[in-house]
Amino acid sequence: MGQVHVLDHPLIQHKLTYIRDKDTGTKEFRELVDEVAMLMAFEITRNLPLQEKTIETPVMEADTQVLAGKKIGLVPIIRAGLGMVDGMLKLIPAAKVGHVGLYRDPETLKPHEYYTKLPSDIAERELIVLDPMLATGGSASEAIHLLKKRGAKQIRLMCLVGAPEGVDVIHNEHPDVDIYLGALDDQLNDDGFIIPGLGDAGDRLYGTK
């Protein structure tokens with residue numbers, strides 16, 4: 001069963017407070033999401049493998065460590081997931097970026113694919129799916145299904161805020177996927193919004209209603 005990691009670093013929690021605040025404007029909201037994504041990238045890459053490398057410092061030869069060539073891929077779910085990409089790339093600039101676009105059928109409420117563009121070597125990459133909100137879990141689960149159908153073997157899910165209902169869906173449908181959250185909130189309300197949550201992340205990122 002995949003694990004849930006709640007990243008309780010003080011800077012993440014501090015910035016999440018202002019992301020949640022309804023009085024935070026679009027520009028500041030966007031900057032905060034970028035910053036929190038970067039901080040979460042620091043945590044999610046904690047266990048990347050290292051290998052030894054011998055270098056010459058200005059003083060002497062030294063045996064040091066560098067990343068062992070593990071290939072990373074970032075896959076934001078359009079559109080809100082796009083707000084997390086730049087923060088991740090600040091720490092992992094060599095990562096390739098794919099995109100998955102989903103829309104929700106207004107009658108069935110089920111997600112449907114409308115756009116997918118992925119690196120050609122996703123089977124060799126550790127993929128991190130990005131979406132600010134893990135609410136019902138439907139969109140994230142469908143995105144993970146799409147990646148697996150195209151050959152992905154290592155997938156993690158990273159969200160700013162999640163609800164227990166969404167976590168359960170991912171665990172049930174993708175027991176091999178670990179989930180990384182800035183916060184695990186209380187539940188969903190009758191409209192499918194996370195409470196206390198932060199509202200509609202896409203609307204707040206891009207100033208739409």
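Where is the place of Glu 52? I looked it up: Glu 52 is in strand S2. Strands here are DSSP runs of E with at least two residues, helices are runs of H or I with at least four residues, and both are numbered from the N terminus.

**Ground rules**

I am working with a predicted model, where local features need pLDDT of at least 70, side-chain atom pairs count only at pLDDT 80 or more, and totals for chains, interfaces and linings use all residues. I count residues from 1 along each chain as its sequence is written, and side-chain values use heavy atoms, with hydrogens and water left out.

I stayed with Glu 52. It counts as exposed because its relative accessibility is 65%. My terms are these: buried is under 20% relative accessible area, exposed is over 50%, and partly exposed is in between (1.4 Å probe, protein chains only).

A patch takes residues with over 30% relative accessible area and no salt bridge; like charges are joined within 9 Å, and nonpolar side chains (Val, Leu, Ile, Met, Phe, Trp, Tyr) within 5 Å. Lys and Arg count as positive, Asp and Glu as negative, while His and the chain ends are not counted.

**Entry: nonpolar patch**

I then found Val 4, Val 6 and Leu 184 in a nonpolar patch on the surface. Together they have about 210 Å² of accessible area, computed by the Shrake-Rupley method with a 1.4 Å probe, where for residues only the protein chains shown count as cover. Val 6 lies in strand S1 (residues 4–6). Its relative accessibility is 39%, so Val 6 counts as partly exposed.

**Entry: salt bridges**

How many salt bridges does a search of the whole structure find? I get 13. Each needs a side-chain nitrogen of Lys or Arg within 4 Å of a carboxyl oxygen of Asp or Glu.

I checked Glu 126 and Arg 156, which meet at 2.3 Å, N to O. Glu 126 lies in strand S8 (residues 126–130) and Arg 156 in strand S10 (residues 154–162), so this pair ties together parts that are 30 residues apart in sequence. Both Glu 126 and Arg 156 are buried. I also noted one network, in which salt bridges with shared partners join Lys 71, Asp 121, Glu 124 and Arg 125.

Glu 43 and Arg 46 form another salt bridge, at 3.3 Å, N to O. Glu 43 is buried at 18% relative accessible area, whereas Arg 46 is exposed at 52%. Lys 22 pairs with Asp 23, their closest N and O atoms being 3.4 Å apart. Lys 22 and Asp 23 are both exposed.

**Entry: Arg 204**

Arg 204 is in helix H6 (residues 201–206). It is buried yet has no salt bridge. I find Asp 21 as the nearest side chain of opposite charge, 6.2 Å away. Beyond neighbours within four places in sequence, the contacts of Arg 204 (heavy atoms within 4.5 Å) include Asp 21, Phe 29 and Leu 198.

**Entry: cis peptide bonds**

Most peptide bonds are trans. I noted a cis bond between Ile 78 and Arg 79, with omega about 10 degrees. Arg 79 is in the loop between strand S4 (72–78) and helix H3 (85–91). The bond from Ile 195 to Pro 196 is cis too, with omega near 0 degrees. Pro 196 is in the loop between strand S13 (194–195) and H6.
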